[in-house]
Structure formats: structure tokens, C-alpha cells
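Here's a quick tour of some strand pairings and ring contacts in this one. Have a look at the structure first, and then we'll walk through it.

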Amino acid sequence: MKRWIAVLLALVMLLASLPGFAEDKYSTLLFDYFDTATSFMGYASSQQEFDSAVVLVEKELSYLHQLFDGYHLYGEMHNLRYVNENAGKAPVQVDAPFFTLLSLCKEMYEKPGFNRVNIAMGSVLSLWHDARETGILPERSALENAALHTDFSKVILDRENSTVYFEDPLVKLDLGAVAKGYAADHIRRVIEPILPSFLISLGGNVYAGEKPLDGRKKWGVSVQCPDGIPSIQPGSDILEVLYDTHMSFVTSGDYQRFMEVDGVRYHHIIDPVTLMPASHLRGVTIVCESGFMADYLSTLLFILPYEEGLALIESIPQAGALFITADGTVSMTDSVAAIAYTHGASAR
Amino acid sequence: MFKKKDFLLIGLVLLLALGIFLFQYTGAKDTRSLNRVRVTVNGAFFGEYPLDKPRDISILQDNGCENILRIENGSFYMLRANCHNQLCIGQGEVTNKNYPLRSLGTHILCLPNRVDAELLIENTGDSFMPDI
């Protein structure tokens with residue numbers, strides 16, 4: 001009898017030693033949210049298990065998409081458009097995730113050196129948004145007039161009542177620089193307990209969870225090569241691959257959303273000082289745990305001159321960056337080099 | 001009490017376990033193309049096609065969106081699309097060899113028309129291959 005117990009025990013140990021024995025990689029693409037494609041993948045024991053995680057992802061994405069939509073109203077929901085239309089008249093109560101995002105932005109904005117990301121410059125950004133739709137550049141005078149109503153200190157947040165109020169009724173919020181990274185943080189908290197080994201990309205805002213269950217120790221996240229910059233190998237359009245777990249990766253670049261007028265490229269990341277697209281970098285990728293922070297910092301570092309951005313990122317121990325400067329030079333902080341393919345890192 | 005034979009059996013099982021463990025963790029494995037392309041529209045299955053027979057696949061939707069995916073020489077690429085940005089055309093071809101080096105990996109993606117064409121591969125945990 002005892003002999004069979006021993007054999008059984010050994011068999012149990014054998015099964016336990018099979019990493020991810022019954023887990024397969026599943027993936028899906030979702031198109032309905034944040035005007036981009038969301039790619040979600042993870043290791044599950046069955047299609048049903050994965051699908052039930054997708055349902056939760058979609059529920060969260062759908063809610064946050066509506067909440068941070070500046071163009072549509074959804075019933076009685078106090079979303080971004082509702083706030084922009086009403087917070088100049090009286091304080092508007094908003095859901096906790098909305099209030100938290102505004103508080104986080106304000107906290108960051110008030111740090112020395114962090115105020116080149118201003119979510120209160122919606123009136124300026126909407127002129128650039130219209131320009132990309134029509135193909136006609138905004139008038140300088142229109143930009144300057146709009147810039148008169150971008151004072152973040154006129155956005156009053158009342159924590160006790162969870163309300164937002166604009167002391168300047170012409171202020172408009174634009175959450176484009178932070179909403180997707182923040183949304184990725186929310187989805188992570190929902191998915192981690194049920195499907196820990198997953199990766200999500202909200203239009204380039206990536207969060208990689210626990211290690212993949214196929215023998216690898218890390219997820220691999222590629223950084224796309226801007227045109228005219230050498231890639232890792234001839235015939236590739238990958239600039240770098242970064243390998244890690246429990247980490248956010250966010251890239252801001254001039255090569256995704258832009259318009260061209262008379263051969264000049266005007267992309268979508270606007271410097272609040274010049275009111276024009278920032279031009280110091282081709283792209284910057286931020287690696288840090290928080291998706292919100294990564295999203296915020298990628299916009300900030302894209303706007304700042306390279307040396308200023310480098311000094312700033314080096315003052316934040318928990319974040320790293322990969323820069324592609326305007327002349328095509330690629331550089332990265334030590335923490336990013338440590339997980340980069342071109343510096344010898346791999347998924348194993 | 002345990003007999004010699006029992007220890008032998010337990011030892012064998014443990015050895016097997018160790019072998020599998022080492023295989024899983026150190027085996028230098030590659031991803032392998034399954035030589036098929038799967039097309040989805042708005043996340044829903046549209047069709048799956050072998051890459052060894054050349055053909056054009058018309059992906060026509062009720063809303064008027066249309067993409068033509070061409071399969072030839074064991075590869076596929078977007079031949080035509082009536083989307084506004086034509087980025088899917090610029091994404092080039094996916095072959096059984098080039099997918100680890102593409103930033104879109106195994107995919108050709110037409111975002112405006114919500115069409116995705118994906119090379120099916122066996123995922124074996126390649127040490128280089130990016131997930132995204």
C-alpha cells in the first residue's frame with residue numbers, strides 16, 4: 001500500500017514540475033475603444049477561461065472609453081464631454097476613476113519640471129485635432145487666443161465631494177496624454193487575479209503581467225523603428241525589443257499620428273510653450289511599473305529637449321527611457337539597456 | 001517498508017520530471033509557422049487559408065468595407081483596401097520567415113476596416129520573438 005502512495009507522490013511531483021503544462025496562449029483584438037486597436041493576450045487553460053477574461057477587459061475598457069470620451073455623451077454619465085460643457089458653470093460630480101486621474105495629473109503637473117504636460121490645454125489641442133481632420137494648419141492667432149484659457153490652476157478639484165470646477169469657463173480638458181496608460185492600470189487590476197500571465201496593448205500603451213507560461217521568463221515588447229532609422233536587422237522595422245514582466249511600456253513618437261502640409265510633418269504632441277508640435281525627438285519609450293506614469297512621462301519627455309528629458313528621467317529611480325533623437329541617435333538609460341535585445345537581453 | 005524496487009521507481013519518475021523540467025526551461029526552441037493565415041473581421045472569425053495555394057481573398061463587409069488579401073509563394077499581403085489611410089498596404093508581406101522581424105509580427109492589420117490577417121504559428125517560447 002505504502003509503495004503506491006510513494007509512486008503517487010512521485011507522479012504528483014512530476015505533474016507539478018511541468019510549467020504551464022495545460023496552458024496555451026490566446027489572443028484577441030478589440031476595436032471599439034479609445035479610437036485604436038486593443039490587443040489582449042494571455043495564457044489560459046482553455047478558450048473559455050480566456051474568453052471570460054476578455055469579457056472583463058471589455059467591460060472595463062468600455063466604461064473607461066465612455067468616461068474619457070470628449071466627443072460623445074452617454075445618457076446621464078458625467079464623462080469628459082459633459083465635464084467640458086458644464087464644469088465652467090458649476091462643480092460637476094465625477095466617478096472615482098475620473099477624479100483620481102485628474103488628481104494624479106495635477107500632482108504630477110505641480111512637480112518642478114513636470115508642467116509641460118497640461119491636461120487643461122484642451123482648447124489648443126482641439127485646434128490641432130481639427131487641423132489633422134481638415135489638413136489646414138491652425139492660425140497662430142487662434143492658437144494664442146486658445147492658450148489664454150489653459151491655466152491648470154483654474155481647474156478646482158474637490159476631493160470631499162469628488163467634483164471638478166473650472167474657474168475659467170473657457171478651460172477645456174484633454175486627457176489624450178494620459179487616459180490610455182491610466183486605463184491599462186485599471187484593466188491590470190481587474191485581470192491580474194484571474195489571468196496573471198497576460199499582456200495588453202492599448203494602441204501602444206503596453207502592460208506585461210506575470211511571465212508567459214511557455215518556458216520564457218519575460219514578455220518581449222518591440223519598439224517600432226521610425227522611418228529613416230536603422231533597424232535591428234535588414235528587412236526589419238523593429239528598432240529594439242525590451243523584455244520584462246510586471247511592467248508598462250509606453251512610446252510617444254512623431255511617426256504614428258500626423259498631417260503633412262507642404263512636405264512638413266505636423267504630429268499630435270503639442271508643446272504648451274510653443275503651441276506647436278515638439279521637435280526634439282523622433283520618439284521616446286518609457287519603461288516603468290505604472291501605466292499612467294509611463295504615459296505621462298512619454299509625452300513629457302517627447303516635448304522636452306533631450307538633455308532636459310534625460311536629466312529628468314534619471315532623477316526618477318523607478319523609470320527608464322529609450323530616446324530616438326531628431327538626428328536618429330538611439331540612447332537609453334541603464335535600466336532600459338539591461339532589458340534590451342541590442343544589449344544582450346532575451347526572453348529566457 | 002519501502003523496497004529497493006520502490007526507490008528505483010521513484011528515482012525513475014523523478015529523473016523523468018527533471019528531464020521535462022530541463023527541456024521546458026533550457027530547450028532552445030523556435031516558433032514554427034503552421035503555413036496558414038487566419039482572417040478576422042472586428043474580432044470575429046472570417047476564414048482560415050493555407051499558404052501553399054495562391055489565391056486572392058475578398059473580405060467584403062455589409063458596411064461596404066472591402067480588403068483583398070493576396071496569398072502567393074507561401075506568403076500573404078494586403079493587395080487592396082478601400083480604407084482611408086492605406087496603412088495595411090504599407091505593412092508589406094508576412095512570410096514563414098520574416099514574421100519575427102516585423103513590428104506587427106504575424107499580423108497585417110487594417111484598423112479602419114477592422115480586418116486582421118494573422119499567420120498561425122506554434123508558440124514554443126522563442127527567446128527573441130516579441131509578443132507585440
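In this predicted model, strand E4 of chain A (residues 155-158) pairs with strand E5 of chain A (residues 163-166) in the antiparallel sense, and four bridges hold that pairing. E4(A) and E5(A) make a hairpin with four residues between them. In that turn, A:Ser162 has a positive phi of about 55°.

Over in chain B, strand E7 (residues 115-122) is the one to follow. E7(B) is mostly covered, with six of its eight residues buried. Strand E1 of chain B (residues 32-41) pairs with E7(B) in the antiparallel sense over seven bridges, and there B:Val41 has B:Val115 as its bridge partner. E7(B) is also joined to strand E6 of chain B (residues 107-110), again running antiparallel, by four bridges. In this pairing B:Leu109 stands opposite B:Asp116. E6(B) and E7(B) form a hairpin too, with four residues between the strands, and B:Arg114 takes a positive phi near 60° in it.

| Strand | Partner strand | Bridges |
|---|---|---|
| E4(A), residues 155-158 | E5(A), residues 163-166 | four bridges |
| E1(B), residues 32-41 | E7(B) | seven bridges |
| E6(B), residues 107-110 | E7(B) | four bridges |

Now for the rings. A search of the whole structure turns up 12 aromatic pairs over all chains. One of them is A:Phe40 with A:Phe198, a tilted pair at 6.1 Å centre to centre and 45° between the planes. What does that pair tie together? A:Phe40 belongs to strand E2 of chain A (residues 38-44) and A:Phe198 to strand E6 of chain A (residues 198-202), so the contact links parts that are 158 residues apart in sequence.

A:Lys111 puts its charged end over the ring of A:Phe114, 5.4 Å from the ring centre. A:Arg216 does likewise with A:Trp219, its charged end sitting over the ring at 5.9 Å from the centre.

Key: Residues are numbered from 1 along each chain as its sequence is written. Chains are lettered from A and ligands numbered from 1 in the order in which they are written. This is a predicted model: local features need pLDDT of at least 70, side-chain atom pairs count only at pLDDT 80 or more; totals for chains, interfaces and linings use all residues. Side-chain values use heavy atoms; hydrogens and water are left out. Two strands pair if DSSP finds at least two bridges between them. Helices (H or I, at least four residues) and strands (E, at least two) are DSSP runs, numbered from the N terminus. Buried means under 20% relative accessible area, exposed over 50%, partly exposed in between (1.4 Å probe, protein chains only). Rings of Phe, Tyr and Trp (its six-membered ring) pair if their centres lie within 6.5 Å; planes under 30 degrees apart count as stacked, over 60 as edge-to-face and the rest as tilted. A charge sits over a ring if NZ of Lys or CZ of Arg is within 6 Å of the ring centre and within 35 degrees of the ring normal.
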